[in-house]
Structure formats: C-alpha cells, structure tokens
Amino acid sequence: MRERFWEQYPLEELTAEEWEALCDGCGQCCLLKFQDDESGELAVLNLACELLDIHSCRCSDYEHRLSRVPDCTRLTPALIDQFRWLPKSCAYRRVAEGRKLARWHPLLSGDPEKVHRKGVSVRNFAVTSRGVPEEHYEDHIIAVIPID
C-alpha cells in the first residue's frame, strides 16, 4: 500500500487493498437499519448482520457476503455519497468529507483493538440478528438518525 494513501489520494483512486485497509473495524455498518419512507429517518438497531463476528467486528464470510445476505450494503468509492448514515467516526465518511482519520484508527495507531477500547465499535452492545423475529426488531432500536 502507498504511504498515507488516505491523505494523498481521493477515494476513487484507492486500490482495492487500500480501500479495505481504510475500514476501521467498528462493525457499525453491519447493524440492521430501517428507513422511514415518509420522514427519511433511519432507525439503527443493536442487531448485527448474521455474518458479523461481534467480537472481531468483521464479517465472518466477507468474500460471499453479498450472495449470502441479499440486503448486505456494499460500500464502494463510487457510492460513498449515498452512505450519509455512516457514523461520523467512520474512516470512509471522514476521508470523503475531507477530514483526517481518528487517532485510534488502526492505520495511525497500529493497533486494531484500539477501536474497541475507545468504545467506537459494536463489540460491547451488538447482538446477532439470527433468531430474532422481525416483529421484535422495534425493541432493538438504539438510535434514530435524520438523513438529509
């Protein structure tokens, strides 16, 4: 990977390896979300995708995730403007908005566990969606985000 690539190149010019390395490993993009058609607000649940390894906050089958989970959201540089729901801490969002990476980001800290110790990841509150009936999803809403 190129040195400090996230500061030197726009997202569209990152290699696939650089794009993947930009992920901070928080797992927040793997939480279930529902958007209200009228208000546009996004309800975020503490329920994680069935493929998320909650301890590592990484997908347990990343290579096949799109075929195994049809609703999986694929983050790409071309689509980054559509992902205004990403948390403000997200490295993809930060770089897209011209902001610097957080000091705890693994590319800066060299420590992939720091995102968890700082409380940014879903490790300490997410539960798997596996086995939770849809009629109980409302009980798992942890935030409602206005999307402009």
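A: Begin with Phe5 and Trp6: both are buried. Buried means under 20% relative accessible area, exposed means over 50%, and partly exposed lies in between, for a 1.4 Å probe and protein chains only. This is a predicted model, where local features need pLDDT of at least 70, side-chain atom pairs count only at pLDDT 80 or more, and totals for chains, interfaces and linings use all residues. Residues are numbered from 1 along each chain as its sequence is written, and side-chain values use heavy atoms, with hydrogens and water left out.

Q: What makes Phe5 and Trp6 an edge-to-face pair?
A: Rings of Phe, Tyr and Trp (its six-membered ring) pair if their centres lie within 6.5 Å; planes under 30 degrees apart are stacked, over 60 edge-to-face, and the rest tilted. The search of the whole structure finds 3 aromatic pairs. For Phe5 and Trp6, the centres are 5.1 Å apart and the planes make 85°, so the pair is edge-to-face.

Q: How do you know that the charged end of Arg2 sits over the ring of Tyr9?
A: The rule asks for NZ of Lys or CZ of Arg within 6 Å of the ring centre and within 35 degrees of the ring normal. The charged end of Arg2 is 3.7 Å from the centre of the Tyr9 ring. Arg65 sits over the ring of Tyr62 in this way too, at 3.8 Å.

Q: Why is Ser121 called buried?
A: Its relative accessible area is 4%, so it falls under the 20% limit. Ser121 lies in the loop between helix H6 (114-117) and strand S5 (127-128). Helices (H or I, at least four residues) and strands (E, at least two) are DSSP runs, numbered from the N terminus.

Q: What makes the link between the side chains of Ser121 and His116 a polar contact?
A: A polar contact is a pair of N or O atoms within 3.5 Å; within protein, one must be able to donate a hydrogen and the other to accept it, and residues adjacent in sequence count only if both atoms are side-chain atoms. The two side chains are 2.7 Å apart, so the distance passes. The Ser121 side chain also reaches the backbone nitrogen of Arg123 at 3.2 Å.

Q: Why is S2 described as largely enclosed?
A: 7 of its 7 residues are buried, so the rest of the structure largely encloses S2. On one side are Leu42, Val44, Asn46 and Ala48; on the other are Ala43, Leu45 and Leu47.

Q: What makes a set of residues a nonpolar core?
A: The members are buried Ala, Val, Leu, Ile, Met, Phe, Trp, Tyr and Cys residues, joined through side-chain atoms within 4.5 Å. The largest core here has 18 residues; Trp19 and Leu86 are among those that touch the most other members. H4 gives the most to this core, with 3 residues.
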